[in-house]
Amino acid sequence: MKSNSVKRGRNFLHTPGPTNIPDRILNAMHRPAIDFSGPDFLELAIEIFRDIKPIFRTEGRVFIYTSSGHGAWEAALANVLSPGDKVLVPETGQFSASWTDMARTLSIEADYLTNDWRHGIDPDEVEQKLRDDKQHAIKAVLTVQTDTGTSITSDIPAVRRAIDAANHPALLMVDTIASLGTIDFRMDDWGVDVAVGASQKGLMLPPGLGFTATSEKALRAAEACTMPRNYWDWRNRQDDAHYRWFCGTAPEHLIFGLREAINMVMEEGFDRIFARHARLAGAVRKAVGVWAEAGAIDFNAAVEAERSNSVTTIRVADGYDGDAVRAACRDNFQIALGGGLGQLQGRAFRIGHMGDLNEPMILGCLAGVEAALQVCGIPHGRGGAQSAIDHLAATAASA
Ligand SMILES: *Cc1c(COP(=O)(O)O)cnc(C)c1O
């Protein structure tokens with residue numbers, strides 16, 4: 001740490017993962033280790049495997065890994081796809097790209113439906129691809145509900161309808177890592193076969209847990225799947241022997257935290273959680289809209305309805321540096337932002353607004369970002385933070 005870098009007050013964490021960890025979750029984790037094969041932990045584990053299901057809105061089995069989101073990605077692929085199998089991946093940004101790279105590493109053939117990184121999945125294009133696949137070579141469609149790189153949210157039920165309209169048996173796989181617990185996701189109602197999640201975004205936990213939620217059809221596919229796998233294998237993890245549920249020592253403290261996180265989600269309720277995220281995201285979009293008036297700043301997501309309630313990717317015009325905004329925020333205002341990823345590197349910055357967040361936190365962030373734009377000399381409409389205040393005042397419950 002630099003000698004002149006003494007900081008006071010809270011750091012404002014607006015990376016799109018990890019997100020703020022509430023004190024309740026930190027406190028739930030602040031305890032000694034226990035015997036993970038003793039009765040207390042077993043009881044908790046049984047409860048957790050049951051109570052994680054409603055988070056995905058599923059009756060199906062959910063597998064819990066000690067892993068990052070990338071681990072859960074690999075688990076999803078390795079359990080239902082065999083080497084040489086083909087998948088269809090509509091491009092949405094950095095995360096559809098990375099998941100595709102991973103699939104190819106596993107000798108899965110990926111048909112990547114390219115996109116401009118400014119629009120969500122086009123269900124008509126998916127339908128056409130599947131209609132053209134008369135032999136049903138495509139085994140799965142891999143989608144990212146909210147791509148955290150581009151901050152684009154795609155319409156997953158529309159993808160389901162496209163698969164059904166083409167009368168195609170492909171599995172529907174959805175990365176919900178940046179959307180679970182921030183916007184609606186209904187695994188069973190939407191006919192999703194595999195949903196991938198992680199702990200450190202909408203669920204407000206530290207990084208370290210990956211989830212795969214499964215349909216009956218996905219579990220059947222796992223029986224026939226020949227991909228070499230062991231740690232990720234769903235079959236081992238359904239064993240009666242409890243030490244197999246986590247394939248090794250259980251991540252106890254993350255499970256203590258997850259217990260509290262699920263309690264918090266259930267207390268607030270999905271409707272209120274989603275409304276809170278929509279309202280705070282609305283405040284961010286108001287500010288960005290004002291900043292954009294000077295022509296050097298723009299939303300990455302071109303279509304208003306596709307702008308994520310979890311994260312906002314903000315483009316800066318050629319000749320300006322997105323990373324400079326991030327550095328100015330970090331160095332001057334104790335705000336941590338995300339940077340531009342992949343083809344947006346240096347050309348964008350990202351404000352994360354998911355998880356344990358309230359109005360003054362988002363206003364503090366927006367005011368700091370606006371100040372950073374001034375520091376960086378990036379032309380922007382003034383009063384973005386004010387328009388966020390106006391939005392929050394106008395949408396507040398009346399006194
Ligand atoms: C964060 C994220 C990932 C990767 O999660 P890690 O825990 O960093 O491996 C994958 N997909 C999406 C949509 C994400 O937001």
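Into which domains is the chain divided? The chain comprises domain 1 (23–267) and domain 2 (269–398), with bounds that come from an automatic or database domain assignment. This is a predicted model, in which local features need pLDDT of at least 70 and side-chain atom pairs count only at pLDDT 80 or more, while totals for chains, interfaces and linings use all residues. Residues are numbered from 1 along each chain as its sequence is written, and side-chain values use heavy atoms, with hydrogens and water left out.

The C-alpha centres of domain 1 and domain 2 lie 28 Å apart. Their contact (heavy atoms within 4.5 Å) takes 28 residues from domain 1 and 29 residues from domain 2.

**Sheets**

Strands (E, at least two residues) and helices (H or I, at least four residues) are DSSP runs, numbered from the N terminus. Two strands pair if DSSP finds at least two bridges between them. An open sheet of seven strands has the order β2-β10-β9-β8-β5-β3-β4, with mixed pairing. Its edge strands, β2 (62–66) and β4 (109–113), each pair on one side only. On average, neighbouring strands of this sheet are turned by 20° against each other, direction ignored. Within the sheet, β3 (residues 86–90) and β5 (residues 138–144) pair in the parallel sense over three bridges; Leu-88 has Val-141 in β5 as its bridge partner. Helix α9 (residues 252–268) lies across β2 and β10 (209–214), running at about 60° to β10.

A second open sheet, of five strands, is ordered β1-β13-β14-β12-β11, and its pairing is also mixed. Its edges are β1 and β11 (297–299), each with a single partner strand, so one side of each is left without a neighbour in the sheet. The twist averages 30° from one strand to the next. Strands β12 (residues 311–316) and β14 (residues 348–352) run antiparallel and are joined by five bridges, and the bridge partner of Thr-312 in β14 is Ile-351. Helix α12 packs on this sheet, touching β1, β11, β13 (335–339) and β14, and its direction makes about 85° with that of β1.

**Helix pairs**

Axes are lines fitted to C-alpha atoms, for helices over the stretch in contact, and angles run from 0 to 180 degrees between N-to-C directions.

| Helix pair | Angle | Axis distance |
|---|---|---|
| α10 (residues 270–291) and α12 (residues 359–376) | about 20° | 10 Å |
| α2 (residues 39–51) and α9 | about 50° | 10 Å |

Angles under 35 degrees count as roughly parallel, over 145 as roughly antiparallel, 65 to 115 as roughly perpendicular and the rest as oblique. Helices α10 and α12 are therefore roughly parallel to each other, whereas α2 is oblique to α9. A crossing is left-handed if the near helix is turned anticlockwise from the far one by less than a right angle, and right-handed if clockwise. The crossing of α2 and α9 is left-handed; α10 passes α12 in a right-handed crossing.

In the α10 and α12 pair, the α10 residues in contact include Leu-280, Val-284 and Trp-291, and those of α12 include Ile-362, Leu-366 and Leu-373. In the α2 and α9 pair, the contact residues include Phe-41, Leu-44 and Ile-48 of α2 and Ile-255, Phe-256 and Ile-262 of α9.

**Backbone details**

The peptide bond from Gly-17 to Pro-18 is cis, with omega near 0°. Pro-18 is located in the loop between β1 (12–14) and α1 (23–29). His-136, in the loop between α6 (123–132) and β5, has phi near 55°, a positive value in a residue other than glycine.
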